[in-house]
Amino acid sequence: MNKTLFEVHVSKDTFKFNAAHFVAYPGFRERLHGHNYRVSVRLLGSRKIGPDGYVIDYGCVKNVTKRVCKELNEHFLCPTLSNVLEITTCTMESRESISIKCEDGSIFVFPKTDVAMIPIVHATTEELAIYLWGRILHGLDAQYLLKRGIHTMEVKCAEAIGQDATFRLEIPTDLEGHSFDVSQYIMNGNVVPMPCPSNPDMKQAAPSDCTSRNQCCRNKGDCSKSELSVKLQKLADMINNG
């Protein structure tokens, strides 16, 4: 049996956006910070390519993905489905602003034009990958992709080198009957991020003790640097105190 399958992968320097965000869930909030995000797209086709010799024209993928990235570039990424953020629109000095009140009492106010209102629950790379998948599919036209024999699309979203999330899904044959709800891909329950395993003092620590995803389990090197800093400080104190 012929098991040949065609696929294309498109990753360009223009598939990027610079944006600010913070992740928040019950009992935890990151500090406001930003990333230089990068995006790539993979399309899985059938055993045969189209009569034009393509799985799909790279230009189609490039045009759509660049446009979607541009929509998010230089914006604050606001997760409108968050269950811990109180998001309201207000008018200040005749200009509309977005006010975000957090569980810890912190309040952020941004000009409305500087905010990308995204229907996700958390501003993580995983959920951004889901959102980007939906936007790119809309731009490429699901029915057109299916006619070309493309059955699955994969979108990767990276917030830094070596830190990326991938969302892969079969292209639905009936978009009208398909509810693309990000929350359906999130587990229910009380599963929380584990403390940094490289730091013995944090074995029993609460999730809130990890101040940032980038400073915790996703980047153990930072924990090691922190431990070294503490040891060096203790050594310096011993020397200074004779």
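E154 is buried, with a relative accessible area of 8% (buried means under 20% relative accessible area, exposed over 50%, partly exposed in between, with a 1.4 Å probe and protein chains only). Salt bridges that share partners join E154 with E7, R42 and R168 into one network (a salt bridge is a side-chain nitrogen of Lys or Arg within 4 Å of a carboxyl oxygen of Asp or Glu).

This is a predicted model: local features need pLDDT of at least 70, side-chain atom pairs count only at pLDDT 80 or more, and totals for chains, interfaces and linings use all residues. Residues are numbered from 1 along each chain as its sequence is written, and side-chain values use heavy atoms, with hydrogens and water left out.

**Chain overview**

- The chain has four helices and twelve strands (DSSP runs, helices being H or I with at least four residues and strands E with at least two, numbered from the N terminus).
- Of the 242 residues in the chain, 38% are buried.
- The accessible surface is about 14600 Å², and carbon and sulfur atoms hold 51% of that surface (Shrake-Rupley method, 1.4 Å probe; for residues, only the protein chains shown count as cover).
- Among contacts with a separation of 6 or more, 63% join residues 24 or more positions apart (contact means heavy atoms within 4.5 Å).

**Salt bridges**

- The count comes to eight salt bridges.
- R168 pairs with E154, with the closest N and O atoms 2.7 Å apart.
- R168 lies in strand β12 and E154 in strand β11 (residues 152-160), so this pair ties together parts that are 14 residues apart in sequence.
- R168 is partly exposed, at 49% relative accessible area.
- K112 and E96 meet in a salt bridge of 3.4 Å, N to O.
- K112 sits in the loop between β9 (107-111) and β10 (115-118) and E96 in strand β8, so the pair links parts that are 16 residues apart in sequence.
- K112 is partly exposed at 38%, and E96 is partly exposed at 43%.
- R38 bridges to D13, with the closest N and O atoms 4.0 Å apart.
- R38 belongs to strand β5 (residues 33-44) and D13 to the loop between β1 (7-10) and β2 (16-21), so parts that are 25 residues apart in sequence are tied together.
- R38 is partly exposed at 40%, whereas D13 is exposed at 59%.

**Helix α2**

- Helix α2 (residues 125-140) has 16 residues and should span 22 Å at 1.5 Å a residue; its end C-alpha atoms are 22 Å apart, which agrees (the expected span is 1.5 Å times one less than the number of residues).
- Its buried residues include L128, Y131, L132, W133 and I136.
- D141 follows α2 and has a positive phi, near 80°.

**Positive phi in loops**

- E74 is a residue other than glycine with a positive phi, near 60°.
- E74 is in the loop between α1 (58-72) and β6 (75-79), and E74 is exposed at 63%.
- S94, also not glycine, has a positive phi near 65°.
- S94 is in the loop between β7 (86-92) and β8 (95-101), and S94 is exposed at 70%.

**I186**

- I186 lies in the loop between β12 (163-170) and α4 (220-240).
- At 28% relative accessibility, I186 is partly exposed.
- Beyond its neighbours within four places in sequence, I186 contacts V121, H122 and E127.
- I186 and V121 are 65 residues apart in sequence, with their C-alpha atoms 8.9 Å apart in space.
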